[in-house]
Amino acid sequence: LLFLPLFRAEQLLYLICGFTIVVNYINIDWFFQGNEDYKFIALRSLAVKSLGLLAEFIFVHVPEDLYKYALISVFSSGIYHLINLIHMRRSVHLSFRKIDLVPHLKSIVYLALCTVSTELYARMDITMLGIMDHNSSVAYYSYSQKIIDLIITTVIAITAVFLPKLSFYYSNDKDKFNDLVRFGVNMMLLVSLPMCFGLVSVASPLMSLWLGNGYQEASLCLMVLAFMIPLKCIGDIICYQVMMCAGKEFYLMIAYTITMAINFGNNMILIPRYGAL
């Protein structure tokens, strides 16, 4: 924020969005996922996101309202996590006495490095595009990526509920564990492959309809990124969930770090030549 001109131009916007880091300290979604309290997760998400959407319609009308949009996003995250804390008190008493972190540190460090690598990998492309190419490339890539992320998030939600069950079966019944993994992979193939090829076939008219004729170049990015749908959806089961349940966070961290390094190298070579594509 202080030294790169790219960030300095929108310093206030980055500072507002930076509060997301602060409110994320009270993010305990993992607690409700582990307890399979999906009814609460669904109702809370629907309520908070509906209020956030309503606030956007009320307060965001022109490009200058960008800062209002950022504030709404940050406040939504804060309310989201605050509701979690209030609801959790029904079943858990928080105490900071006699805490022994040592047995958990090794796994926490590996998981933290996994998260950092994943986030850097996810944000790296757009940041490097902004530095090495022009703003139109950033727009083509980011809009295409938003469509892909929306589809992947929706599809992965189908098998996200498997993690607590897989974790239990891995320790208690390997046959059921293998059956559930096989079922999850088959389901991901059944849903993600038609979505991938369907999106490729409608990429051009979809971009024209959604963004206008000026964004036709983005349709090529969308066609390429569409192949991430089956890769990420299947990978969520056989990489992330299986490795987590098996306690192989270290290998997950190594895989993420190698991927991030390869991505950085490829970006350095390919962005100057091909831009967003």
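A salt bridge is counted here where a side-chain nitrogen of Lys or Arg lies within 4 Å of a carboxyl oxygen of Asp or Glu. The model is predicted, so that local features need pLDDT of at least 70 and side-chain atom pairs count only at pLDDT 80 or more, while totals for chains, interfaces and linings use all residues. Residues are numbered from 1 along each chain as its sequence is written, and side-chain values use heavy atoms, with hydrogens and water left out.

**First stop: Asp65 and Lys68**

Select Asp65 and Lys68, whose side chains form a salt bridge with an N to O distance of 3.5 Å. Accessibility is classed as buried under 20% relative accessible area, exposed over 50%, and partly exposed in between (1.4 Å probe, protein chains only). Asp65 is buried, at 9%, whereas Lys68 is partly exposed, at 40%. By the rule above, the salt bridges number five.

**Second stop: Lys165 and Glu36**

Next, select Lys165 together with Glu36; the closest N and O atoms of this salt bridge are 3.3 Å apart. Helices are DSSP runs (H or I, at least four residues), numbered from the N terminus. Lys165 counts as partly exposed because its relative accessibility is 36%. Glu36 is also partly exposed, at 35%.

Move to helix α9 (residues 174–211), where Arg182 and Asp179 lie three residues apart, about one turn of the helix. Their side chains meet in a salt bridge of 3.1 Å, N to O. Arg182 is partly exposed at 49% relative accessibility, and Asp179 is partly exposed at 44%.

**Last stop: the second largest pocket**

A pocket is an open set of points on a 1 Å grid over the protein atoms alone, where a 1.4 Å probe fits and protein lies on both sides within 12 Å along at least five of seven lines; lining residues have an atom within 4 Å of a point. Select Ile28, Trp30, Phe31, Leu85, Met88, Val92, Leu94, Ser95, Phe96 and Ile99, which line the second largest pocket. Helices α3 (29–34) and α5 (66–88) are the elements that give two or more residues to this lining. What is the make-up of the lining in nonpolar, polar and charged residues? Nine are nonpolar, one is polar and none is charged. The volume of this pocket is about 330 Å³, taken as the space filled by probe spheres set on the points.

Notes. Nonpolar A, V, L, I, M, F, W, Y, C, P; charged D, E, K, R; others polar.
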